[in-house]
Amino acid sequence: MKIFSWTKHLTSFDRRLLVIVAVLVALSFSILLRQSSGARVVVSIDDRTVFVAPLAKDQKVELVGPLGKTVLQVENGAARIISSPCPHKVCMRMGDARHSGDLLACVPNKIVVSIEGDSIGEDAEYDFIQR
Amino acid sequence: MTSSSGDSEDLEQVRRRVFLALFVALAVALHAVEFLLPNPLPWFRIGLANILALTALFSYGIQALWIVSLSRIFIGSLLLGSLFSPGFLLSLGGGLFANSIMSLSYKLWQNRIGPIGVSVLGALGHVTGQLVIAWLVVIRHPSIWMLLPFFLLIALISGIINGLAADYLLTSLYKHPAFLKLRASKAGAEETYSEA
């Protein structure tokens, strides 16, 4: 079977260009994979930051908002809300937050959990801050 | 057939206009057809209309590229009812980025770069432009840049497909007598076109 050869439509300049572009695309993927996980979980209740912890440490935290206790679980580099007193449980259905910029929010209980920072570099250095 | 050289200049201009109009019409048609095709991924578009923009660039130069692609974006969006919507802004932003990069690369490496090379660079410019516009207008969130690698990969593949199609189209167009003069001017001094 004859294989369709599209490379004969390329000039030698095109060929070099395509190699460079392919390398750049591969590079952009590797940068994406390296930076994808966040460093710390930041919790704010009613717009006040109350809790900051590294994402790498597994723990369960009880957060007390206007409605009651919301339980946040940090496990295997991901944060999720496992129980909440709010009526619709939207926050529990938001699933895992693991990348920098991800958010979990429980609006009725005024709790916002966000993932910040980068797992490589200085951000990963400290291990616990309680405010 | 004989004609004076003055007539021939006029004829060449008329030909250029007619062909550019045809390119725009075909590009609008492809733009619409692509809109009708089902897409497996929400933001995946091959950008078939760019085939005609590339053909215009390689046959009539940089100005023709801008005429064909800008006309196509405006007329195509008008037909699909998306004129001045956020989707249109994305399309226009991507188009402007892509055209700038294609013009620049064509000007810089005119005799060395082929349709596939220009097409791939244009496609990369297009997705980058779209993301910049999306970031400025729609969602100002840094995680939007996480999409860039996937977009670049898709751009690389669709750029090759479009460039290949444009190369086939140019090859068959150049066989037509209407492109004889153009072909001669491209080939340079050794193959001068004679008025006989």
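## Overall composition

Chain A contains two helices and eight strands (helices are DSSP runs of H or I with at least four residues, strands are runs of E with at least two, and both are numbered from the N terminus). The model is predicted, so local features need pLDDT of at least 70 and side-chain atom pairs count only at pLDDT 80 or more, whereas totals for chains, interfaces and linings use all residues. Residues are numbered from 1 along each chain as its sequence is written, while chains are lettered from A and ligands numbered from 1 in the order in which they are written.

Along the sequence, the elements of chain A follow the pattern α-β-β-β-β-β-α-β-β-β. Of its 131 residues, 25% count as buried (a residue is buried if 20 or more other C-beta atoms lie within 10 Å of its own, exposed if 12 or fewer, and partly exposed in between, with C-beta atoms placed from the backbone). Among contacts in chain A between residues at least 6 apart in sequence, 42% join residues at least 24 apart (two residues are in contact if their C-beta atoms, placed from the backbone, lie within 7 Å).

Chain B has seven helices and zero strands, and its pattern reads α-α-α-α-α-α-α. Buried residues account for 34% of the 196 residues in chain B. For chain B, 73% of the contacts between residues at least 6 apart in sequence join residues at least 24 apart.

## The contact between the chains

Chain A contributes 16 residues to the contact and chain B contributes 19 residues. On the side of chain A that touches chain B, ten residues are nonpolar, five are polar and one is charged (Ala, Val, Leu, Ile, Met, Phe, Trp, Tyr, Cys and Pro count as nonpolar, Asp, Glu, Lys and Arg as charged, and the others, Gly among them, as polar).

Helix α4(B) covers residues 86–108, and its 23 residues should span 33 Å at 1.5 Å a residue; the end C-alpha atoms are 33 Å apart, which agrees (the expected span is 1.5 Å times one less than the number of residues). Its buried residues include Leu90(B), Phe97(B), Asn99(B), Met102(B) and Tyr106(B). The cover over the buried residues of α4(B) includes α2, α3 (62–80) and α5 of chain B.

The axes of α3(B) and α4(B) are 10 Å apart, and the helices pack at an angle of about 170° (axes are lines fitted to C-alpha atoms, for helices over the stretch in contact, and angles run from 0 to 180 degrees between N-to-C directions). The two helices are therefore roughly antiparallel (angles over 145 degrees count as roughly antiparallel, under 35 as roughly parallel, 65 to 115 as roughly perpendicular and the rest as oblique). Residues that meet here include Leu65(B), Trp66(B) and Ile73(B) in α3(B), and Phe88(B), Leu92(B) and Lys107(B) in α4(B). By class, this contact of α3(B) with α4(B) holds nine nonpolar, six polar and one charged residues.

Helix α2(B) (residues 50–60) and helix α5(B) (residues 115–138) have axes that come within 11 Å and cross at roughly 130°. They are therefore oblique to each other. The crossing of α2(B) past α5(B) is right-handed (a crossing is right-handed if the near helix is turned clockwise from the far one by less than a right angle, and left-handed if anticlockwise). From α2(B), the contact takes Asn50(B), Leu54(B), Leu57(B) and Phe58(B), and from α5(B) it takes Pro115(B), Val118(B), Ser119(B) and Gly122(B). These residues divide into five nonpolar, three polar and no charged.

The axes of α5(B) and α6(B) come within 7 Å and cross at roughly 145°, again in a right-handed crossing. The contact of α5(B) with α6(B) has 17 nonpolar, seven polar and one charged residues.

## Helix α6 and Asn162

Helix α6(B) (residues 148–173) has 26 residues and reaches 36 Å from its first C-alpha to its last, close to the 38 Å expected at 1.5 Å a residue. Among its buried residues are Phe151(B), Leu152(B), Ile160(B), Asn162(B) and Asp167(B).

Asn162(B) lies in helix α6 of chain B and is buried, with 26 other C-beta atoms within 10 Å. Not counting residues up to four places away in sequence, Asn162(B) touches Ile46(B), Gly47(B), Leu48(B), Asn50(B), Ile51(B), Leu54(B) and Ser119(B).
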